[in-house]
Amino acid sequence: MAKNAPPRWDRRMQQRLARGEAAALGELYDRFASLVHSQANRMLDDESAADLVTREVFGYVWENPDAYDPKQGSMRSWVARLTHRESVQRLRRTAAARQTDDEYGRYGGEGEGYGGAGVDPADLEERVRLATAAARADYIVASMPAPLRAALELAYIQRRDYRQTATDLGVTEDEARRRLRLGLQLLSTAHTRPLEGSSPPGYGRPL
């Protein structure tokens, strides 16, 4: 996973994109595509939809490089916000399409399986909230320092206890516990804070 890009890299990347350098888009894609796809897939729970979101996000960046303002944060944060915005829009479009199908079935449309009760707006907003928290958790893990991320992956993906984690990382048990504690503290903010800079002013047109 790529680390956060320094501001100088961000500004140069924006300039290269504004000049229409295809190589710049390829470099940006190589750096952030896995982050975009994993965030979209976490929100939508649909690989095909995540593929579409990934294409749409990088297409938007290519066509609108001036929408990025380095003063408002890193390009990584901007790309994550675009991914979140497009994923939420896709969730709502899918819900609206299901609502239309339900109404079509209730009022004389053909086809088995229609005629349900429709999409509850409260349920949709709850799904958006949970998806946003999941996306933020992905972003936090991807953005945290490598030592913290490695400790979390060992403990919670590979099911190591803190002693085994310490051995695998070549650190003391106290240091392993410290890394796990800090990593979990960062992750705990996923359910209490919005995605970083989710709605700053002046961030260009919506997707």
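At what angle do the axes of helix H7 and helix H8 cross? I started my notebook with that question, and the answer comes below. One caution goes first: this is a predicted model.

**Entry 1: H7 against H8**

I looked up helix H7, residues 162-169, and helix H8, residues 173-188. Their axes cross at roughly 105° and come within 8 Å. Angles of 65 to 115 degrees count as roughly perpendicular, so H7 is roughly perpendicular to H8. Next I listed the residues that make the contact. H7 brings Tyr162, Arg163, Thr165, Ala166 and Leu169. H8 brings Glu173, Ala176, Arg177, Arg179 and Leu180. I sorted the residues of this contact by type and got five nonpolar, four charged and one polar.

**Entry 2: the whole chain**

I then stepped back to the overall layout. The protein has eight helices and zero strands. Along the sequence I read the pattern α-α-α-α-α-α-α-α. The protein has 207 residues, and 38% of them count as buried. I also checked the contacts between residues at least 6 apart in sequence. Of these, 68% join residues at least 24 apart.

**Entry 3: aromatic rings**

How many aromatic pairs does the structure hold? I found four. I wrote down two of them in detail.

The first entry is Trp9 with Phe32. Their ring centres are 6.2 Å apart and their planes stand at 90°, so I noted the pair as edge-to-face. Trp9 sits in helix H1, residues 7-18, and Phe32 in helix H2, residues 22-44. The two are 23 residues apart, and the pair links distant parts of the chain. Buried or exposed, I asked of Trp9 and Phe32? Both Trp9 and Phe32 are buried.

The next entry is Tyr68 with Trp78. Here the centres are 5.4 Å apart and the planes are at 40°, so this pair is tilted. Tyr68 lies in the loop between helix H3 (47-63) and helix H4 (75-106), while Trp78 lies in helix H4. The pair therefore ties together parts that are 10 residues apart in sequence. Tyr68 is buried, and Trp78 is buried too. I also noted a cluster: Tyr60, Tyr68 and Trp78 form one aromatic group.

**Entry 4: a charge over a ring**

I went back to Trp9 and asked which residue lies over its face. The residue is Arg31, at 4.1 Å from the ring centre.

**Entry 5: positive phi**

Most residues other than glycine have a negative phi. I looked for exceptions and wrote down two residues.

Asp45 has a phi near 55°, a positive value in a residue other than glycine. I located Asp45 in the loop between H2 and H3. Its relative accessibility is 69%, so Asp45 counts as exposed.

Arg159 has a phi near 60°, again positive in a residue other than glycine. I located Arg159 in the loop between helix H6 (146-157) and H7. Its relative accessibility is 68%, so Arg159 counts as exposed.

**Entry 6: Arg92**

My last stop was Arg92, in helix H4. At 37% relative accessibility, Arg92 counts as partly exposed. Which residues does Arg92 touch, not counting those up to four places away in sequence? I listed Leu124, Glu125 and Val128. I then took the C-alpha to C-alpha distance from Arg92 to Leu124, which is 7.5 Å. In sequence, Arg92 and Leu124 are 32 residues apart.

Methods:
Residues are numbered from 1 along each chain as its sequence is written. This is a predicted model: local features need pLDDT of at least 70, side-chain atom pairs count only at pLDDT 80 or more; totals for chains, interfaces and linings use all residues. Side-chain values use heavy atoms; hydrogens and water are left out. Rings of Phe, Tyr and Trp (its six-membered ring) pair if their centres lie within 6.5 Å; planes under 30 degrees apart count as stacked, over 60 as edge-to-face and the rest as tilted. Helices (H or I, at least four residues) and strands (E, at least two) are DSSP runs, numbered from the N terminus. Buried means under 20% relative accessible area, exposed over 50%, partly exposed in between (1.4 Å probe, protein chains only). A charge sits over a ring if NZ of Lys or CZ of Arg is within 6 Å of the ring centre and within 35 degrees of the ring normal. Axes are lines fitted to C-alpha atoms, for helices over the stretch in contact, and angles run from 0 to 180 degrees between N-to-C directions. Angles under 35 degrees count as roughly parallel, over 145 as roughly antiparallel, 65 to 115 as roughly perpendicular and the rest as oblique. Contact means heavy atoms within 4.5 Å. Ala, Val, Leu, Ile, Met, Phe, Trp, Tyr, Cys and Pro count as nonpolar, Asp, Glu, Lys and Arg as charged, and the others, Gly among them, as polar.
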